[in-house]
Amino acid sequence: MFSLKLLGGASIHAPSGPLAGRASQRRRIALLAMLAVARARGVSRDKLIAYLWPDQDTEHARPLLSDSIYRVNQALGAEAIISTADDLRLSTQVLPSDVAGFEDAIDGGDWQRATDLYGGPFLDGFFLADAEEFERWASAERDRLARSYARALEALSESAERRGDTVDAVRWWRALAAHDPYSSRVAVRLMRALDRSGDRAAALQHARVHATLLADEFGTEPDAAVAELAASIRAQPIAPAPPAPTSERVPEEPDSEQRRVDAPAVVAPPAAVTTRRRRWPLAAAVIALAIAVAAVARGRTSAGNRAESTSVAVLPFVDLSPAHDHEYFSDGMTEELINTLGRVQGVRVASRTSSFSFKGKTPDVRDVGTQLGVATVLDGSVRADEGRLRITARLSNARDGYQLWSRTYERELQDVFAIQEEISRSIVETLKGTLVGSADSAATARRDTDLEAYNLYLRGRHALYMKGRYSWYRRTEEGLRSAAAYFTQAIEKDSTYALAHAGLADALAVLGFYDYLPPREAFPPAERAAQRAMGLDSTLVQPYATLGYVALYYNWNWRRAEEWFTRATDVGPRYSTAHQWYANFLTARARFDEAERAMGRAQEIDPLSLIASAAHGWVLYYAGDFERAAEQCRLTLELDPEYAVALLWRGWSLEELGRVPEALTLLERAVALTHRSSLFVASLARTRAIAGDTARARGLLHELEDRASRSYVPTYELAKVHLALGARERALQMLERAYEERSHSMVFLGVDPQLKSLHGEARFEALVRRVDAARKG
């Protein structure tokens, strides 16, 4: 049975866990969210199109909506989205949703069930780019549902008070105070409940916390009723606490006996309300942290130093800035923490790629722990406004989901480096019982980096993750060029900024590999940038790998390339890219068994990396194991059906297996996704020629030749199109030109399955020998 989770996240759940694939793409989740909220009323197609595809005209948007309906229904194996005339509605029998169940419970006055179902804010952490109307609608619904949740909590609180259950009354009022921390009315009701339960100290503490929160957030004071009640409580004589009530209690969670005392009762909603997937708003986190600190001071909390493992995943920090325009900064904070913790001896940190695969999601930390093989999970948020930062960080035990540690930092923007150090030190202190190193090793080298240069560097890193799509791992031209531009600007601001030089080197090298730049414009400046980065900071691992990359693809210096890759894996044994690029080298040298082991190591380090997964298929393709290559790329496409290089390499493999029509379908999708990138168009032209569709193959070839008069088109790829069209002489001429251009693909000349028909040709064999002997540098 499938279900739709929209409260506290956004996902489709199957019995085995969250559903991946096409049905779970963001716009389709948004479609389901609108239908779930509408319930039996349904929503018109025109409204759905206006909200979800605002940039498309009706003629193009209607097929997109129809395709989304088809993909969802196909994935669920039944008609979840039902069409009635021009309206659509969601079948609650096929796909029940927590939102519909929550609203039914509210309508029926079943307050307990409503709070059970409310896992957090509606579509928490979900964002749909370029859909302003949808975002406005989602915000309004989020507020409406939050008000309903508050109504349910208040009803339960008052019910507990009427039956004289002071313990339950406190628990429910605390839940409402965490949900609505700015309400002085709620603060007063909680204080009264605490006072009645005999916990006067907690009542007075809440008055102080509430006042501090309002002062910090708005510069205002609480309602006079808060101070008056606090004064009244102080004036009361001390009385013994009343006996525990005998009325029926809300049942505890099955594993409540395992609950850590460091998840303080003064913060947590009642067991019936708490869900481990819940991600509270920033304000609630602040009030929770403040009360938790008070609990620690009273000796009610044991610090989370019982953690026995030293592995951690750092999930992408959420941008909570008012304009949501600091995502690049929150992503950069995440990367810095990953890098800093990765330098601590004895701590194993999940790779950046795997961590960022959870971006935009609200996963259960236990699921993260299982998928990434870590014992603890760090997540948090960043709020930047008018030169100030508020950073909230939380470390949780991945085994049981309980919180081990949390902090909120409020500083000036220029203190960002110090905050990163503090967070890293605190995490290491929490885990230090089994560390080989010490908390001191968590400290980043204090940098005198210009703050503007640092921001430009972060924007460069963020450009590799444009619009939530992992462009570094998707290898898009737009993302790579934008990143290179930001890194260059950062270097102009601070020429000694090693990380910016390293970032520029990587971006240029990959621009060269995917033929977005001519070899001579990509690889030599990449080499210079990597050498400069290494000269500024010899502890960085990236420059070693990039120098190996350039030695392989441009200098054709096999010995030097292998030396650089070996040094990279020694300096940074958990830098998966170094292992992946070393596998590329081994593939070019026809050392396929070693290549597969190296690529397997990259996947082991970074299990959710799209490029490592797809490149494993690429290695198998060059090794001639086309069945396994096709299957490996298929597995990658299960992670992301729109990953263009996996479509490309699976298409190549299927072509070799004689499944040409399937290959064409994949290549056409890849061409569309990459906005007709030359490499992908050339592959499609070649496969069309093999299929016998010479007219369309020649049309694509003409498109590329026309483009070559304005921008770089890889001659090596044009040679393969000519060969598929039967023009062997022209193909050989183009390969000789590719040699003169120093095309990076020439290193695969002797192992490329697409050129096997030239094997034994004297000119071709001579060209292979020339590449092998042409090393530079």
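Arg686 touches Glu655, Glu656, Lys720, Val721, Ala724 and Gln754, leaving aside residues up to four places away in sequence; a contact here means heavy atoms within 4.5 Å. The residue is placed in helix α29 (residues 678-690), where helices are DSSP runs of H or I with at least four residues and strands are runs of E with at least two, numbered from the N terminus. Arg686 is buried, with a relative accessible area of 8%; buried stands for under 20% relative accessible area, exposed for over 50% and partly exposed for values in between (1.4 Å probe, protein chains only). The model is predicted: local features need pLDDT of at least 70 and side-chain atom pairs count only at pLDDT 80 or more, whereas totals for chains, interfaces and linings use all residues. Residues are numbered from 1 along each chain as its sequence is written, and side-chain values use heavy atoms, with hydrogens and water left out.

Helix α29 also packs against helix α30 (residues 694-708), at an angle of about 155° and with the axes 7 Å apart. This makes α29 roughly antiparallel to α30. Axes are lines fitted to C-alpha atoms, for helices over the stretch in contact, and angles run from 0 to 180 degrees between N-to-C directions; those under 35 degrees count as roughly parallel, over 145 as roughly antiparallel, 65 to 115 as roughly perpendicular and the rest as oblique. On the α29 side the contact residues are Ser678, Val681, Ala682, Leu684, Ala685, Arg688 and Ala689, and they meet Thr694, Arg696, Ala697, Leu700, Leu701, Glu703, Leu704 and Arg707 in α30. By class, the contact of α29 with α30 comprises nine nonpolar, two polar and four charged residues. In this classification Ala, Val, Leu, Ile, Met, Phe, Trp, Tyr, Cys and Pro are nonpolar, Asp, Glu, Lys and Arg are charged, and the others, Gly among them, are polar.

Helix α1 (residues 26-38) and helix α3 (residues 58-76) have axes that come within 10 Å and cross at roughly 85°. The two helices α1 and α3 are therefore roughly perpendicular to each other. Arg28, Leu31 and Leu32 of α1 meet Leu65, Asp67, Ser68, Arg71 and Val72 of α3. Four nonpolar, one polar and three charged residues make up the contact of α1 with α3.

Strand β11 (residues 388-397) is mostly covered, with eight of its 10 residues buried. Strand β10 (residues 376-385) runs antiparallel to β11 and is joined to it by 10 bridges; strands are taken as paired if DSSP finds at least two bridges between them. Asp385 stands opposite Arg388 of β11. The hairpin of β10 and β11 has two residues between the strands, and Glu386 takes a positive phi near 50°. β11 also pairs with strand β12 (residues 403-412) in the antiparallel sense, over nine bridges. In β12, Glu412 is the bridge partner of Arg388. Five residues lie between β11 and β12 in their hairpin, and Gly401 in the turn has a positive phi of about 85°.

A three-stranded open sheet has the order β4-β6-β5, with antiparallel pairing. Its edge strands, β4 (43-44) and β5 (81-84), each pair on one side only. β5 is joined to strand β6 (residues 87-90) by four bridges, and Ile81 stands opposite Leu90 in β6.

The protein chain contains 33 helices and 12 strands. Of its 777 residues, 58% are buried.
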